[in-house]
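Q: Could you take me through the salt bridges here, one step at a time? I would like to see the setting first and then a close look at the residues that take part.

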Amino acid sequence: MDLSAATASLSPFLLGVLASVIAGFLATTLGAVPVFFLRTIRDSTQNLMLAFAAGVMLAATFFSLLLPALDQAEAGLGSRSHAAFAVIAALLTGAVIMHLAHRYAPHEHFGEKGREGIDAGRLARVWLFVIAIALHNFPEGLAVGIGAASGDLGSGLGVTLGIGLQNLPEGLAVAVALRGQGYDRSHAFLIATLTGALEPLGGIVGAGALAISAGLLPWALAFAAGAMLFIISSEVIPETHRHGVERGATIALFGGFVVMLYLDVALG
């Protein structure tokens with residue numbers, strides 16, 4: 001089946017939204033299904049899965065977002081060095097926005113970091129956890145929406161597949177963490193599914209921005225890359241280096257990176 005022909009009838013906006021639904025909602029839901037069969041999951045196993053996901057996200061950030069952003073910016077500005085400065089500015093903007101969101105939005109991680117943000121103590125714990133996942137999922141959805149709506153099939157497939165792969169273990173981690181907090185299997189699965197449903201909101205924003213102006217593409221790609229890189233460095237990688245599995249987590253990160261690198265090349 002020719003994927004290019006199959007998607008030709010869809011508008012870039014619809015492609016972006018559809019890709020974010022697949023990578024976010026469907027992948028997270030599929031990942032949460034084992035909660036009906038597993039009573040718990042070892043911390044070391046969860047950390048290794050997160051490390052693999054971090055490697056996937058790193059590769060998708062560089063090869064499906066930053067490199068296309070540089071190419072698009074160079075085509076518009078006519079200079080590789082000017083394009084690099086513009087992409088760096090958008091990259092840092094995305095990282096700063098995510099830093100501010102994590103600093104001020106009330107949320108909680110199930111782990112050693114505990115509650116963060118303003119007035120975090122005033123919200124029920126489950127909602128703090130949902131907000132924490134939303135802070136991860138929105139930039140992921142943004143990246144998928146922008147990549148899929150960019151018109152570059154290889155970039156769109158790469159970032160969609162990359163985020164989808166990392167959402168599989170994330171869906172399981174969310175559901176198992178909720179089970180550990182006393183929620184029954186059905187409620188844990190439902191809440192995990194709902195956190196995945198937050199990702200298409202980012203896809204709508206990203207694809208919608210490109211629908212308004214295609215000239216925003218290089219800046220949008222770089223902005224999404226900055227947001228993703230912040231999440232990977234600030235949240236995902238530190239979590240994988242707990243519980244004494246640092247070496248295994250590093251190996252798993254390399255595994256995720258090379259798998260996504262190969263898939264990105266194979267997808268063109």
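A: Of the 268 residues in the protein chain, 49% count as buried. Keep in mind that this is a predicted model. The chain exposes about 12200 Å², and carbon and sulfur atoms supply 69% of that area. Its 10 helices and 2 strands follow one another from the N terminus in the order α-α-α-α-β-β-α-α-α-α-α-α. Among contacts with a separation of 6 or more, 78% join residues 24 or more positions apart.

Now for the part you asked about. A search of the whole structure turns up 2 salt bridges. One of them pairs D71 with R80, and their closest N and O atoms lie 3.2 Å apart. The other brings together the side chains of E74 and R80, at 2.7 Å from N to O.

D71 has 47% relative accessibility, so D71 counts as partly exposed. R80 has a relative accessible area of 40%, so R80 is partly exposed. E74 comes out at 30%, and therefore E74 counts as partly exposed.

Technical notes:
Residues numbered from 1 in each chain as written. Predicted model: local features only at pLDDT ≥ 70, side-chain atom pairs only at ≥ 80, totals over all residues. Heavy atoms only, no water. Salt bridge = Lys/Arg side-chain N within 4 Å of Asp/Glu carboxyl O. Buried < 20%, exposed > 50% of the residue type's maximum accessible area, 1.4 Å probe, protein only. Helix = DSSP H or I, 4+ residues; strand = E, 2+ residues; numbered from the N terminus. Contact = heavy atoms within 4.5 Å. Areas by Shrake-Rupley, 256 points an atom, 1.4 Å probe, with all protein chains shown as cover.
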